[in-house]
Amino acid sequence: LVDGYILDDRQVRVDNNSQDWTLISSVVEDGWIIVEATRKITTGDTQDNALKNDKELWGAPTRLIAAWGDTEEMSYHGDNRSSSSVQIFA
């Protein structure tokens, strides 16, 4: 699990100021990658957006993006990517 980001040039950058995510567990099962991770709601890191409490039913959910690969090297992910919206209750 890497705390990273991209800018307009789409080059992956590792957040060297702060690795705010902690991997709790991960498993590949029946074609699914299941990851459990933790992070503070507000990290104080200028490269992070604060997570919001989605308790208001009429508000937009939090969008998440992910990419993965088979090596430790960070490079373009090709089709190994996903995005979704989730509700976070803090």
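Modeller: Here is the pocket, with the chain around it and then some charged residues one by one.

First, the ground rules: this is a predicted model, so local features need pLDDT of at least 70 and side-chain atom pairs count only at pLDDT 80 or more, while totals for chains, interfaces and linings use all residues. Residues are numbered from 1 along each chain as its sequence is written, and side-chain values use heavy atoms, with hydrogens and water left out.

The protein chain has zero helices and six strands; helices (H or I, at least four residues) and strands (E, at least two) are DSSP runs, numbered from the N terminus. Its C-alpha trace spans about 40 × 35 × 25 Å along the principal axes. Of its 90 residues, 11% count as buried, where buried means under 20% relative accessible area, exposed over 50% and partly exposed in between (1.4 Å probe, protein chains only).

Now the pocket. Strand 5 gives the most to the lining, with six residues. Strand 1 (4-6), strand 3 (22-29), strand 4 (32-38), strand 5 (62-67) and strand 6 (81-86) each supply at least two. By class, the lining has 24 nonpolar, 14 polar and ten charged residues; Ala, Val, Leu, Ile, Met, Phe, Trp, Tyr, Cys and Pro count as nonpolar, Asp, Glu, Lys and Arg as charged, and the others, Gly among them, as polar.

On to charges. Side chains of opposite charge can pair when their charged atoms come close. A search of the whole structure finds two salt bridges (a side-chain nitrogen of Lys or Arg within 4 Å of a carboxyl oxygen of Asp or Glu). In one, Lys 52 meets Asp 54 at 2.5 Å, N to O; Lys 52 is partly exposed at 40%, whereas Asp 54 is buried at 3%. In the other, Arg 81 meets Asp 79 at 4.0 Å, N to O, with Arg 81 partly exposed at 45% and Asp 79 exposed at 71%.

Asp 48, between strand 4 and strand 5, is buried at 14%, and its side chain joins that of Thr 43 in a polar contact of 2.9 Å. That term means a pair of N or O atoms within 3.5 Å; within protein, one must be able to donate a hydrogen and the other to accept it, and residues adjacent in sequence count only if both atoms are side-chain atoms. Asp 30, between strand 3 and strand 4, is exposed at 74%. Most residues other than glycine have a negative phi, yet Asp 30 has a positive one of about 50 degrees.
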